[in-house]
Every structure is written in C-alpha cells, then in structure tokens.
Amino acid sequence: MTPPQLIRSAHERGITTLTLDSPANRNALSARLVGELGDALSACAKDPAVRAVLLTHTGGTFCAGADLRSPPDPDAFVGLMRAVVELPKPVVARVTGHVRAGGLGLLGACDISAAGPGASFAFTESRLGLAPAVVSMPLLPRLDPRGATRYYLTGERFDAAEAVRIGLLTAAGEDVDDTLTPVLDGLRRASPQGLAESKRLVTARVLDAFDRDAQDLVERSASLFASAEAREGMTAFLERRDPAWVW
C-alpha cells in the first residue's frame, strides 16, 4: 500500500494551505516530510493561481524538530528552509500547538506567522548536546539578540506573547484565524509582482546568511550529531530520562 501523504494541500481564493499531517511523530522533520513539503512548495511556486501559502498543522504540535529515528539529510533541510525564504510568494505560518528545535527553523523561514494561546516554543538543542546551528540562518537575522541568547542557551519554553516580543512571531491572538484574517485579505489584494518584489527586499539579509553560512553550519551540525554528548542526549530523550550531565 502507498503510505498516506504527510502534506495535505487545499486551495481557496488565492491561498494554498499546506498542512503538516504526521501527528504520530508530532509532525517531526523526517526525510519524507521534508521531501513532500519541498515538492508542495515547488508546485505552489509554479501555479499562477497561488497568491500566498498558509502553512499549518494537524494535532497539538506544529513541528517537534528533527525526527531522531528518520532524520532528513542536513542539506535537504537547509534546502527546505531556503525554499520557503526564496518562494516568490509569501508563506504564512498558522500555529496552534507546540514548536521545538528544528521546527523553529521552519517557522522562522516563513514571512509572516501567527499563533494562538495553545502554542509554545523552545530551542531544545542545548539540552541534547546540540546547538540551533542550521536553523540560525532564517532566525538570527530576525530575532532580538538578547532573546535569542537566552532561549538558545537555556532551552526554556516560552509562549506566543514572548515569541512576538523577540521577533519569532508576527502576531499572537486568542483566535489565530481572526488574527490572520486581515493578513490573508491583504495578500489577496496585492499583485503577484508586488508581492514577489516586496518579499525580495525583506528576505535579502536572510538569504545573505544562507549564502555565507550554510556549508559551515551543516558541517558543524553533523559534527555535533556525531558526538558522544549528543548520543547521550538523544538516548536520554528517547528513554525519557535526564542525560548524564544534568545536576
């Protein structure tokens, strides 16, 4: 049997909604999910009926980060984030659940993002013996430096209001769909050329980070994943225990 698609697509009035639909592993970034999402974005780029993309999710987690049992190739994940940034159409994230680690890179690559009160966020890499390496490319050009420093280092969980304060989110509200209504209406009123050229202006610094840092950060990430500390951190995570270094 053909396995079910991990990305669902629907279209209405110029907006294509791409839904991460892998709730069994909390929409973790598996090799298959990364590949399917990349293909879906490529199709949106070629379709003149698509004015903008709305990226959302099923279940209580937007994205749990890398799938530790079936991780994507690091270059493929970098390519996915870059595809979101380079897409000549705005990508809007709709978040009603949790976002962790690599999922924050996917979220940070989006042009506009909104979350509801059930959302939470955490850079958990440091607690696994890792670092938010490749996800830094779309994030650090956009995040408040003090906020990035705190949450990169501590791995603390924070809410949608704090995510707005540090620049991770565009907006937060009690009803995420109400929050996004004027955003999507504005995108429908904009011309395709106007959107593409405006997006080029606001993503230039992010793309500079990809051009400058991608190779170094992929190599750094691979080195960290191969380390003894990371093996202990990921094993402890899968075994639901504290790693050996916790005091």
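Me: Which strands and helix each supply at least two residues of the lining of the second largest pocket?
Reply: The model is a predicted one. The lining of this pocket includes Ala10, His11, Ile15, Thr17, Asp177 and Leu180. Ala10 and His11 fall in the range 7–12, Ile15 and Thr17 in 15–20, and Asp177 and Leu180 in 176–189. The elements that each give at least two residues are strand S1, strand S2 and helix H7.

Me: Which element gives the most to the lining of the second largest pocket?
Reply: Among the lining residues are Asp177, Leu180, Thr181, Leu184 and Arg188. These fall in the range 176–189, that of helix H7. With five residues, the element that gives the most is H7.

Me: How do the residues of the lining of the second largest pocket divide into nonpolar, polar and charged?
Reply: Ala10, Ile15, Leu54, Leu180 and Leu184 are in the lining, and Ala, Ile and Leu count as nonpolar. Glu12, Asp177 and Arg188 also line the pocket, and Glu, Asp and Arg count as charged. The division is five nonpolar, three polar and three charged.

Me: How much space lies in the largest pocket?
Reply: The largest pocket is lined by 48 residues, and those nearest its centre are Ala64, Ala66, Leu68, Leu128 and Phe237. Its lining divides into 29 nonpolar, seven polar and twelve charged residues. The space in this pocket is about 1400 Å³.

Me: Which helix gives the most to the lining of the largest pocket?
Reply: Helix H2 (74–86), helix H9 (204–225) and helix H10 (228–238) each supply at least two residues. Phe237, one of the residues nearest the centre, falls within the range 228–238. With five residues, the helix that gives the most is H10.

Me: Why do the buried residues of H8 line one face of the helix?
Reply: Helix H8 spans residues 192–202, and its buried residues are Leu195, Ala196 and Lys199. Seen down the helix axis, these buried residues fall within one arc, so they line one face of H8. The face turned away from them carries the exposed residues Gln193, Arg200 and Leu201.

Me: Which residue stands opposite Ala172 in S10?
Reply: Strand S7 covers residues 112–115 and pairs with S10 in the parallel sense over two bridges. The residue opposite Ala172 is Ala115.

Me: Is Arg13 buried, partly exposed or exposed?
Reply: Arg13 sits in the loop between S1 and S2. Its phi is positive, about 50 degrees, although it is not a glycine. Most residues other than glycine have a negative phi. The relative accessibility of Arg13 is 58%, and the cut-off is over 50%, so Arg13 counts as exposed.

Me: Where is Arg26, which has a positive phi of about 60 degrees?
Reply: Arg26 is not a glycine, yet its phi is positive. At 40% relative accessibility, Arg26 counts as partly exposed. Its place is in the loop between S2 and helix H1.

Notes:
Residues numbered from 1 in each chain as written. Predicted model: local features only at pLDDT ≥ 70, side-chain atom pairs only at ≥ 80, totals over all residues. Heavy atoms only, no water. 1 Å grid on protein atoms, 1.4 Å probe; cavity = no way out; pocket = protein on both sides within 12 Å on 5 of 7 lines; lining within 4 Å. Points joined across faces, edges and corners; volume = space filled by probe spheres on them. Helix = DSSP H or I, 4+ residues; strand = E, 2+ residues; numbered from the N terminus. Buried < 20%, exposed > 50% of the residue type's maximum accessible area, 1.4 Å probe, protein only. Arc of directions from axis to C-beta. Pairing = 2+ DSSP bridges.
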